[in-house]
Amino acid sequence: MDRQSGRAGIDFGTSNTLAAVRTPDGVRVCEIDPVNADPHLLPTLLYFSRYGWRRIGRAATHAYHKEPDDRYIRGLKWALPDYAPDETIRIFERRYTVSDLIGLVLGAVREQVEAELGTPVSHVTLGRPVRFSPDARVDTQAGEMLRAGAEAAGFESVRFLTEPEAATRYYFATEEALTDATVLVFDFGGGTLDLCLARFGRGEYQVLSTGGVSIGGSLLDQVLFEKKLLHHLGKGVRWGRGLDLPNHIFTRLVNPDEAWRLSEVEYARMVRGILNDSTAWGTSTPQLRTFYTVVSRRMGPDLFNAIETAKMRLSEVEETEIRFSREGVEILEPLTRAELWTLFREQLDAIRALILEVLGRGGRSARNVDRVLLAGGSSALICVQELLQDLFGPERVPVRQDLFTSIVSGLALDAGTERA
Ligand SMILES: Nc1ncnc2c1ncn2[C@@H]1O[C@H](COP(=O)(O)OP(=O)(O)OP(=O)(O)O)[C@@H](O)[C@H]1O
Ligand SMILES: [Mg+2]
């Protein structure tokens with residue numbers, strides 16, 4: 001067996017998972033989701049049918065559209081810091097730890113890679129964010145749970161590299177013109193922002209500092225949901241018997257990254273409560289009836305898709321709208337690029353603060369940085385690129401095409417190198 005092909009890099013992402021292997025002349029990103037528009041990206045999604053079967057990746061979305069009532073899991077990576085290693089989630093008749101669920105995703109990825117290579121894969125270099133949690137104990141535990149997931153998937157040897165370091169490694173291998181240069185890798189994904197400040201020397205690079213924070217595209221979608229859509233769903237409307245429904249209840253029931261964590265019983269009880277209260281309140285609250293329809297028909301994932309689609313569209317055009325129309329729920333909410341600066345103010349300020357902190361710890365200031373290298377889907381946001389151009393100057397922030405593949409490519413380079 002070719003020893004290189006038995007070793008893979010996997011970027012287990014909040015939104016997308018990728019796998020790659022080192023080849024004699026570089027890296028090959030594997031096709032791990034045959035039914036996704038881009039088969040190199042496996043959307044990190046799981047679907048459990050009440051009849052015992054399950055789907056992973058884009059097939060999970062198709063299954064959810066046929067039967068929204070079964071369990072559709074999104075944002076699995078972000079359950080890592082929220083659960084204990086032995087804590088279980090009940091899905092119909094069975095109980096799963098978060099590591100079990102991750103094991104199912106990584107196991108499916110492993111099978112696809114093995115089928116493509118025609119050889120077993122026993123080693124994986126896995127990416128991980130710089131920080132799963134600001135709490136060091138939780139952070140270590142989340143890493144161990146991810147390792148347990150990889151072991152459950154059948155990998156015999158598991159190594160970690162932080163995601164921005166992986167991208168740094170790949171950029172160092174490919175950006176040949178950048179020598180004796182200070183670079184900042186800016187990896188802004190679905191769940192986290194991860195930074196790596198490095199010095200590219202001749203023949204090797206040195207990491208000066210890293211930093212990470214739990215701000216990503218999913219959080220931005222949630223901000224858009226709360227600030228732009230909640231008023232369509234009864235925010236601010238007096239709830240039955242004088243009760244006001246707090247935002248976190250709306251979010252918990254509608255946001256697909258959280259809704260799957262509720263048991264069927266808990267979910268049904270909350271939905272029944274909404275129905276009772278809104279009927280008691282009579283016909284004068286159309287928004288609450290809309291909310292009831294969204295929750296009881298489990299439209300959350302599609303509603304969030306509509307939000308995400310509009311957000312992504314603003315990377316191409318100046319203005320668009322969040323559009324959703326299904327079973328009597330009609331939402332049309334204008335959204336402009338300029339507005340994102342205001343809506344994401346808090347997150348953009350936190351991003352700027354993290355950059356300055358990482359620069360400070362690395363003993364550099366913004367003007368010492370020769371190049372900012374972008375990675376992660378959220379780096380496509382124009383407001384984020386403008387923030388970076390403002391800090392570093394436009395010529396130092398080139399926009400590249402490989403936002404989604406640089407991390408997994410660096411992981412594959414690491415996996416292909418045997419080290420103790
Ligand atoms: N054109 C775009 N404009 C704005 N955001 C985008 C665009 N394309 C993708 N995104 C966002 O990028 C995120 C996915 O990026 P990516 O696949 O890099 O994340 P991930 O690796 O799964 O997450 P993480 O590394 O944080 O675990 C999603 O939140 C998506 O909405
Ligand atoms: Mg990522």
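Is Asp-180 buried, partly exposed or exposed? Asp-180 is partly exposed, at 43% relative accessible area; buried means under 20%, exposed over 50%, and partly exposed in between, with a 1.4 Å probe and protein chains only. This is a predicted model, in which local features need pLDDT of at least 70, side-chain atom pairs count only at pLDDT 80 or more, and totals for chains, interfaces and linings use all residues. Residues are numbered from 1 along each chain as its sequence is written, and side-chain values use heavy atoms, without hydrogens and water.

**Positive phi**
- Most residues other than glycine have a negative phi.
- Asp-180, not a glycine, has a positive phi of about 50 degrees and lies in the loop between α4 (163-174) and β12 (181-188); helices (H or I, at least four residues) and strands (E, at least two) are DSSP runs numbered from the N terminus.
- Arg-298 also has a positive phi, near 50 degrees; Arg-298 is buried at 18%.

**Aromatic pairs**
- There are ten aromatic pairs, counting rings of Phe, Tyr and Trp (its six-membered ring) with centres within 6.5 Å; planes under 30 degrees apart are stacked, over 60 edge-to-face, the rest tilted.
- Tyr-170 and Tyr-171 form a tilted pair, 5.9 Å centre to centre with 50 degrees between the planes.
- Phe-172 and Phe-200 pair edge-to-face at 5.0 Å and 80 degrees.
- Phe-172 is in helix α4 and Phe-200 in strand β13 (residues 193-200), so this pair ties together parts 28 residues apart in sequence.

**Charge over ring**
- The charged end of Arg-298 sits over the ring of Tyr-267, 3.9 Å from its centre (CZ of Arg or NZ of Lys within 6 Å of the ring centre and within 35 degrees of the ring normal).

Technical notes
Chains lettered and ligands numbered in written order.
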